[in-house]
Amino acid sequence: MNASPHPQRSERSGKAQALRDPVDAIIEQWAVARPDLDTTAMEVFGRVYRLSRALGDRMEKAYARFGISRGEFDVLATLRRSGEPYALSPRQLSATLMLTTGGMTGRLDKLERADLLRRSPDPHDRRALQVTLTDEGLRLIDEAVGAGLAVQTEALSHLNDEQAGQLADLLRMLVVGTRA
């Protein structure tokens, strides 16, 4: 490939340039088809998307060993993170997980049938419900979160601690900068 018209790409480390992934081929094709484009954003988000898909599939497999999906994991993990007594309203869960009430109801139904959580009247508001982890739900989520972290840690093993920290900082900046 000829010298890049976009200097930020040519300043990358030799080690990073020696590694190739499918996004590199896409970027090279765009460089030929439209050399006027700065495809840096495409490089970043193409890789973020591919990483999200690959890790999402791995996480789904890790949670399947516990009989739950990623979405169900999210419900249980949100309750677990809330601290004792591990209870939130369905509305709080929906807001935290950015789900519609209908989507939340389906997840809660399945998790309740599996005895991983229970719904009961809210002691502070007779019109509301409270969703609480059961002892089995607490045990399961503690195991599942460890399994999920193992998958994520293995994926990060290609980076040293400093690189992983830099990546986390850069991604935080990107997330904060793109909030709607």
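These exercises work through helix packing and strand pairing in a predicted model.

The model is predicted: local features need pLDDT of at least 70, side-chain atom pairs count only at pLDDT 80 or more, and totals for chains, interfaces and linings use all residues. Residues are numbered from 1 along each chain as its sequence is written, and side-chain values use heavy atoms, with hydrogens and water left out.

**Exercise 1.** Classify the crossing of helix α5 and helix α7, then list the contact residues.

Step 1. Locate the helices (DSSP runs of H or I, at least four residues, numbered from the N terminus; strands are runs of E, at least two). Helix α5 covers residues 70-81 and helix α7 covers residues 101-113.

Step 2. Take the axes (lines fitted to C-alpha atoms over the stretch in contact, with angles from 0 to 180 degrees between N-to-C directions). They come within 10 Å and cross at roughly 80 degrees.

Step 3. Apply the classes: under 35 degrees is roughly parallel, over 145 roughly antiparallel, 65 to 115 roughly perpendicular, and the rest oblique. So α5 is roughly perpendicular to α7.

Step 4. Collect the contacts (heavy atoms within 4.5 Å). From α5 come Gly-71, Glu-72, Val-75 and Leu-76; from α7 come Met-104, Arg-107, Leu-108, Lys-110 and Leu-111.

Step 5. Sort by class (Ala, Val, Leu, Ile, Met, Phe, Trp, Tyr, Cys and Pro are nonpolar; Asp, Glu, Lys and Arg are charged; the others, Gly among them, are polar). The α5 and α7 contact has five nonpolar, one polar and three charged residues.

**Exercise 2.** Trace the pairing of strand β3 (residues 125-133).

Step 1. Strands pair if DSSP finds at least two bridges between them. Strand β1 (residues 87-88) joins β3 by two bridges, antiparallel. Strand β2 (residues 117-122) joins β3 by six bridges, also antiparallel.

Step 2. Find the partners. Leu-88 has Val-131 as its bridge partner in β3. Arg-119 also has Val-131 as its partner there.
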